[in-house]
Amino acid sequence: MRQQLASDNYAGLCPEALAALEQANQGHAPSYGQDRWTAEACDQFRALFETPCEVFFVFNGTAANALALASLCQSYHSIICHRHAHVETDECGAPEFFSHGAKLLLADGRDGKLDPASVEEIVTRRGDIHYPKPRVVSLTQATELGTVYTPAELQGIHQVARRHDLKLHLDGARFANAVAALGLPPRALTVECGMDVLCFGGSKNGLAVGEAVLFFDLAAAEEFAYRCKQAGQLASKMRFLAAQWLGLLKDGAWLRHAAHANHCAALLEEALRALPEVELMFPRQANAVFARLPEAVIAALRQRGWLFYTFIGVGGARLMCAWDTEETTVRAFVADVKAALRATR
Ligand SMILES: *Cc1c(COP(=O)(O)O)cnc(C)c1O
């Protein structure tokens, strides 16, 4: 299949992760995470975040989020998230399922970002026993709408969380893209903003499979390994999840790949911005461009074989760049948009 702009999950395995898999594929090694690749990957994360943290490797983001959230709350608690949060819209109720009933309470905020006032309103709305007790705030960085929280915005949420004794969970399926966009050390967007748990996405940044769950709140990590096992998320051949991360973390490949994806999205944004019939829906801050296109143009693009989603967030075409997106792909897409626009005039 030609390159698409449908999802960063359409991309393959990056060469660094592939090489690391080859290297880990030597002889026998202890199973269930007792191998040296897993130990080293955990250490690399601690070095990257410049802090002690507990690290776990799971197969996908839904499991990472759902299990991390479940570890932060009891079944009678509630989790505050944005109404467009992946945990709400795209995880088939997994956070509620794995927490045995914790309720997601939906907050608002512009461009997919939680607004501290909206979080505060939900927390202070009720204080009685009939309301599921707010316990966690879940944020997504970069957001589902392709925007990025600044450290100041994260601090705003942190302050509300501190005031009301709430834990903070960060869905970082595209954390790398956010770090690349902001040009700040990872700890400035996590540890320093009070994050208790980060689900650090690997699949969308060039791994075959796998996300890392990082607990900065070490106490919350207690018994998390049991949760992973019970949920079918403990890899027996863990070395192959961990080794990919070693490849990605080595020499900053993760950041280079994310920066490249962001760069391609910036090119796409710039080209589409020049077309008066195309409306860019949100500020392009990471690797996604959301564009409202005339229906006829969408149909023409699909006719020409382009695949993309139009149901994510609030509609419009979501165009996503990946670690391997080629500039020629972006240019070919833009050329087809232009041709379709000419044909509809
Ligand atoms: C892709 C994604 C996930 C993880 O999805 P899986 O398909 O379960 O790996 C989580 N959160 C966000 C914001 C995502 O975009």
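Reader: How do you know that Arg-284 is in a loop, and between which strands?
Author: Arg-284 sits between strand 8 (279-280) and strand 9 (288-292). Helices (H or I, at least four residues) and strands (E, at least two) are DSSP runs, numbered from the N terminus. One source note before we go on: this is a predicted model, where local features need pLDDT of at least 70 and side-chain atom pairs count only at pLDDT 80 or more, while totals for chains, interfaces and linings use all residues. Also, residues are numbered from 1 along each chain as its sequence is written, and side-chain values use heavy atoms, with hydrogens and water left out.

Reader: What makes the link between the side chains of Arg-284 and Glu-269 a polar contact?
Author: The cut-off: a pair of N or O atoms within 3.5 Å, where within protein one must be able to donate a hydrogen and the other to accept it, and residues adjacent in sequence count only if both atoms are side-chain atoms. Arg-284 and Glu-269 are joined at 3.3 Å, so the pair qualifies. The Arg-284 side chain also reaches the backbone oxygen of Ala-286, at 2.9 Å.

Reader: Which residues does Arg-284 contact, leaving aside neighbours within four places in sequence?
Author: Gly-146, Asn-262, Ala-265, Ala-266, Glu-269 and Val-289. Contact means heavy atoms within 4.5 Å.

Reader: Why is Asp-336 called buried?
Author: Buried means under 20% relative accessible area, exposed over 50%, and partly exposed in between (1.4 Å probe, protein chains only). Asp-336 has 13%, so it counts as buried. This residue belongs to helix 13 (residues 327-344), and its side chain makes a polar contact of 2.8 Å with that of Trp-306. Not counting residues up to four places away in sequence, Asp-336 touches Arg-2, Leu-301, Arg-304 and Trp-306.

Reader: And what makes Ala-225 partly exposed?
Author: Ala-225 has 42% relative accessibility, so it falls in the in-between class. You'll find Ala-225 in helix 9 (residues 224-230).

Reader: Is Glu-223 buried or exposed, and how do you know?
Author: At 58%, Glu-223 passes the cut-off, so it is exposed. Glu-223 lies in the loop between strand 7 (211-215) and helix 9. From Met-1, 222 residues away along the chain, its C-alpha is separated by 43 Å.

Reader: What makes the peptide bond from Gln-141 to Ala-142 worth a look?
Author: That bond is cis, with omega near -10°. Ala-142 is in the loop between strand 4 (133-140) and helix 7 (151-163). Most residues other than glycine have a negative phi, and most peptide bonds are trans.

Reader: What about phi, then: what is the value for Glu-50?
Author: Glu-50 has a positive phi, near 50°, and sits in the loop between helix 2 (36-49) and strand 1 (54-58). Asp-111 has a positive phi too, near 55°; its place is the loop between strand 3 (103-107) and helix 6 (116-125).

Reader: How do you know that the chain agrees with a compact globule?
Author: The radius of gyration is taken over C-alpha atoms, and the globule rule is 2.2 Å times the number of residues to the power 0.38. For 345 residues that gives near 20 Å, and the protein chain has 20 Å, so the two agree. Buried residues make up 55% of the chain.
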